[in-house]
Each structure stands twice: as structure tokens, then as C-alpha cells.
Amino acid sequence: MALSDSVTTCLSPPVYYVICKLGFEKTDTYDINNIVSENGEVCWQAVTEHVCYLKSDQSVDYIESIRSLGPVCESVNLHFKSLTKEQFVIQYALWFRWTNCSELFLEVFDVLQYTQTTEVALGLMKLTSCLERALGDVYLLIGKDCPFLLRDLLASEQLAVVFGQAVMNVLRVFIGSPYGLNLRNVLWHGFASPQEIPAKYCAMLLFLTAGLGQLLQTYLLQTKCILVHRPYVIFVSLEELDVFPLNHEMLSIAEELVKLSSFVLKTMLPFWMDALTAFKQSRYADCVILLLPQLEVGLRLLFTTTNKCPNRLLTAEVKFLSKMLAKHLDNEEVNQLPAVLEEPTMASEFLWDFLNHQEGPRIRDRLSHGEINLEAFPRKVANQIVALAITLLCRFSDEDMFAFKEHMVIKPLMNCASCYRSRFHPISRLKKQVLECMKSIHLWPELPTVPEEHVETTKGLEGNTEASTLILMMSEILSRLQRYMPQNCYSSDDPINSVLTERLLIALCDTYICTLYSPRPVLEIVVVLRKISTQCHQVSEQVIASTELRYKQWMNKTLRSRQRHNYLRMLNSIKFLSPVLRLILVLITLELVNIHLVCKKNPFDYQQYLKFLKSVLQYTENLVTYTSSEKNKWDETMELTNKALIKIREICDRKLMVMQLAT
């Protein structure tokens, strides 16, 4: 890892030339009065005329456009430096309102006055993310589904209608195209060091944003449209994101580690130091925005070193972070990065959880696309990113830094990291769903109900042989699966109540299942299992709501004769429906903990198994329909349940359950 000292840039030679040299080749000077009026109105003609086009197909000639726009950017930068904050606010503040984050753009003006290199880079990252979000809002004035990628958004016909194609071409020179300056991606993926981003490009994007606001106002007045801003994404269930402990002592040690760890490129050191400073100053969004690209740089350095592909250190690829954490390289060779990390769960599962999994917080995506309110960024989320960074700094420090790793302050953090288990992988979410569903079903015995004698003596409910058949079948299924249960959880005297418990589910869900590199059959099976669990939970919630409502109506004597009879049939049915749903949850969980073992076997006809699971899913979907307050079909529910149990018993007899195939 001595490479971290020798790397002087993460920009490839062509990209370095485009960003650091090309826009400085022309030394022309431009009168700012030809570019902007005294009241701050942008003269777009004076800007768009510098965009050059290829003769072959009239597409943008990015190289010539950057060269031509370079002096314009310098003039704008000098213009902003000549203004006081009050003058800038008077001339431009109004034109940032369309972004829904005017204060941020005013802060960028402040940054440009002092040309702090890390502050300029941070300002650009925040500016581009907020600008992208605002442009997406404008897109939705005309279009329906806003493009996810900035390059697709800028190339859309919808924005060309509002702002004009020539204006959009100017923007694409600076952001959104891999052939232009591509400032957003270069920064968000950690390729540019602080000194490699010219401040004049930040000034120009600030200027262009104000100009876009002016064009938008004209469009809105002409069309009588109203710009609506999409709500910010809010992190829910923050307790699930609270993994690592973090305190000020750890931060102090981190400041020393940053200077010594081989995980940090020396050219990027200012970003690390500013990130830790931002955290101490409670600027949590700034901290995470600065850290995320550096984590990617450090991992990319590890990836390219261990896999002997140094050229990829300087390349930006789509979903490169996902590729770094994948099991195999593009050439099908084994990716060596997880082995180097030693504790794959420490970094790989955490990074997948917080950055990639669709049900996770997807922090980088949401920050870089402007989906999060930066002012309200939660400390708990920043805590976790900083803590992960510290563990990586420790892990990739020299051997003579053993004292750091064993430090009484750091060691609890390292221990916590080594025990990390995925929380947002579909397998982890299924475990959570199953436990939540079981909790719901456990509420049934506490529901208010009429005296038992009313239920037992109601005509049509006495001597229910169908119910006895259900109980018998469930006992038979459990006896066939007894050997696959954890020890001491099965009683032949009362198999249903001894096995179908929340305690058993908790024990099963505590079983560690590696979520990294889950094969496609596993993920397809988990999708169906999750749907089954969701339907079971829906049934439980409907039973609870119907029981409470009917009891209230019973006590108030507002039920008609037929409704009373149906209510009593419901009470009788749910006695047997409860163990059936619990049985399904136990089966789901037993299958889940064995699924990886089976999918490694060859052959495993998972398509046939999926067919069985989909029949169970169909049963639970029908249950949702029959137990709804609109239907209340309790006789049909019992008939349906009988057929489903026969099918499950048949599969058990044929030893086609995953748990049976795993042994």
C-alpha cells in the first residue's frame, strides 16, 4: 500500500488536461458587461456563442467548447470577486429561489471569495446535487418520470423546451457528459484532489444557475405553470442505522490515523481533515459529502492494487463501487478485495447496506442527486460513515501502529465492526418481516371477544371436524420436519404450541446467513418468501381490525342476525388460522436459513420449488381477500386453508422442502 504515497493524481492524463489545462489555454479577456447586465441579468447569447459544434454531425465539440469558455469563466469569477455579499444578494439572490435552496448558493459565493480549495470542491458537490434536483423539478413540469442520471436529464427534450437547447449544451460542457469537464462525477467519485478543481468553474456554474432561474421565470409567466418541488427524502427507522459507537476521543485518534494510514492518498488528505472538522462543527451533511468520495478512493486503491489492475485507479465506471464489492472481476477471476478486507462483513456488507441496497438509506445516491435536505442531515447517519472510515483507517495502517488498533477507545469500535451483519439485504428484511408478522399474530389472544359459550353453541359451529383435520395435518407436518428444528423446541404432546412460537422464530432469525454474493436462485426465492410474509401480515392486521370492530358492534347491539352469525364464525375460524399462519412463518424461516446450502448443490430444481412457493403465495393472497372486511368469507377461508395444508404436507412427504434437501 506504499502506492498511497506515490499517487499524485487520480485523474487520467486526458481528464487532467481537460480539467486543469484546457480552459486556461486561451488568454482572451471579456468585458463582464457583455455577459451580464447591471441588474444581474445573464446575457445568454454571449455565453452560448462559445459552445462549438462538430462539422460531421453538429454534436457538441466539448474540447473546443471548454477551450473557448475558459476565459468567460475567468471573467465571471473575477466579477463575483469584485462584488460585496450585499451586492451579490441584490443582483442574484432572487434567481436562486427556483432551486429551493437559495442559501446554499449564497454560501458558494462566500467560498469563492477565499478560494479555499477543499471548500470550493465541497461547494461544487453541493451545488451540482441541488442543481440536479431543481432541474428534475423543472423536467416534471412537462415530463412524467424524471431520469435518474444527470446526463440523461440534461439531454432531455423537456429541459430543452423550457431553457432552450443551446443553454442545455452549455450546461453539458460543465456537468453530465463524460466528454466534457464532468465536474459532478469527477468530484463525487473522488477522482479530483482539492487543488485540481479550478474555482472559476464553480463560479461559472453559480452564474449559470442564476441565468437558468431567469429563463425559467419567463417560461412560467408564459405558460402559467407553477413549479412544484418534490419533498425531500427523510430517513426513517434511524435506530436501524445506529450501528457503531462514536465519541470525541475516537475523532481525535482519527485525526492522527488519517495522517498515517495507507488507506489515505496524500493528495486527498485535506478532504479527510475537513470532513472530521465538519463533523465536530455539527455540519453532518458536509462531513459525509467529503468522506464518501474518499472511501471510494481508498477502496479503489485497494481494489486495483490487490487485483493488479492499476489502470482502473484512474477510471470512472458505472456502478464501480458495486464492481469493487462483487465476487468476480469482469474477466471472471476472483475479486481479491474481500480477502484483503479480512472481515468482509466489516466493510462490504456495511457499504452494500448504506450505499447500494434498495431498501437501505442509499446515502451517496440521495446526497449526490439532491434528494436530502442538507440542513437536516441526521447525526446518526454521519456517525456511521465516520465510524466505518475509522475502522478502515485502522485496518490499513502499518504493523507498528498496533497500539492504535488496540487502543482502549478504538477497540470497541473495531469489535463492533467485526460483528456487523447486513440490515438491508432482502434476506435481512425478510427476517424482520417475519418477526413483525409474528408479533402481530401474538396480539390475537388479547383481542376482545364475546363469551366462549356463544361461539361454541352457535348453530353450524359445533363438532367442527374440519378444524380437527387442520390441527391433525399441522401436527403431521411438524412431526415430519422435527429433525430440522433447533433442539429442545419440539414436544410430541403439543407440537403446535411448542414449535410455533416467537421464541423459535427469534432463534432462527439470529442464525447468520451470508448475504454477500447471494446467487440469483436465492434472491428469486427470497422475493416470493417476502411476498408470502407480507400477505400473512396483512391477514393478521385485517383480523385484528375486524375483530375489534365487530366486538364493538356486538356490545352496542348494532349487528344484524346474519352479521352476528358471521362474527361468531370468524371467532371460531381465527382460532385455527393463527397456528396456520405461524406454521407458514416458521416454514419460511427454516427454508431461509437452509437456502444457501441447497443452492450450492447441483442440481437443484429451484423452478419447481418456486412453483410450490407461488402456490403458497396464492393461498395467502386469497386469504387476504377472504378475511377482508368487505368479504368476510370464513367458511371459504377454512376450505382454502385445508387445501393449502394438504399441498404443504405433500411437499414435505416428497422431501422437496429446502431444509430437507440441505441435509
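Predicted model: local features only at pLDDT ≥ 70, side-chain atom pairs only at ≥ 80, totals over all residues.
Residues are numbered from 1 along each chain as its sequence is written, and side-chain values use heavy atoms, with hydrogens and water left out. Local features need pLDDT of at least 70 and side-chain atom pairs count only at pLDDT 80 or more, whereas totals for chains, interfaces and linings use all residues.

In helix H6 (residues 102–114), the buried residues are Leu-104, Phe-105, Leu-106, Val-108, Phe-109, Val-111 and Leu-112, buried meaning under 20% relative accessible area with a 1.4 Å probe and protein chains only. Their cover includes helices H4 (62–82), H5 (85–92), H7 (117–139) and H12 (199–223), contact being defined as heavy atoms within 4.5 Å.

Helix H7 also packs against helix H15 (residues 284–306), at an angle of about 100° and with the axes 11 Å apart; the axes are lines fitted to C-alpha atoms over the stretch in contact, and angles run from 0 to 180 degrees between N-to-C directions. H7 is therefore roughly perpendicular to H15, a term that applies to angles of 65 to 115 degrees. Here Leu-122, Met-125 and Lys-126 of H7 meet Asp-286, Ile-289, Leu-290 and Pro-293 of H15. This contact comprises five nonpolar, no polar and two charged residues, with Ala, Val, Leu, Ile, Met, Phe, Trp, Tyr, Cys and Pro counted as nonpolar, Asp, Glu, Lys and Arg as charged, and the others, Gly among them, as polar.

Helices H23 (residues 426–441) and H28 (residues 520–555) pack at an angle of about 20°, with their axes 9 Å apart, and they are therefore roughly parallel to each other, as angles under 35 degrees are classed. The residues in this contact, including Leu-430 and Val-434 in H23 and Val-526 and Leu-529 in H28, divide into eleven nonpolar, six polar and four charged.

Ser-418 belongs to helix H22 (residues 411–418) and has a relative accessible area of 26%, so Ser-418 is partly exposed, a class lying between buried and exposed (over 50%). The C-alpha atoms of Ser-418 and Glu-239, which are 179 residues apart along the chain, are separated by 19 Å.

How values were computed: Helix = DSSP H or I, 4+ residues; strand = E, 2+ residues; numbered from the N terminus. Parallel < 35°, antiparallel > 145°, perpendicular 65-115°, else oblique.
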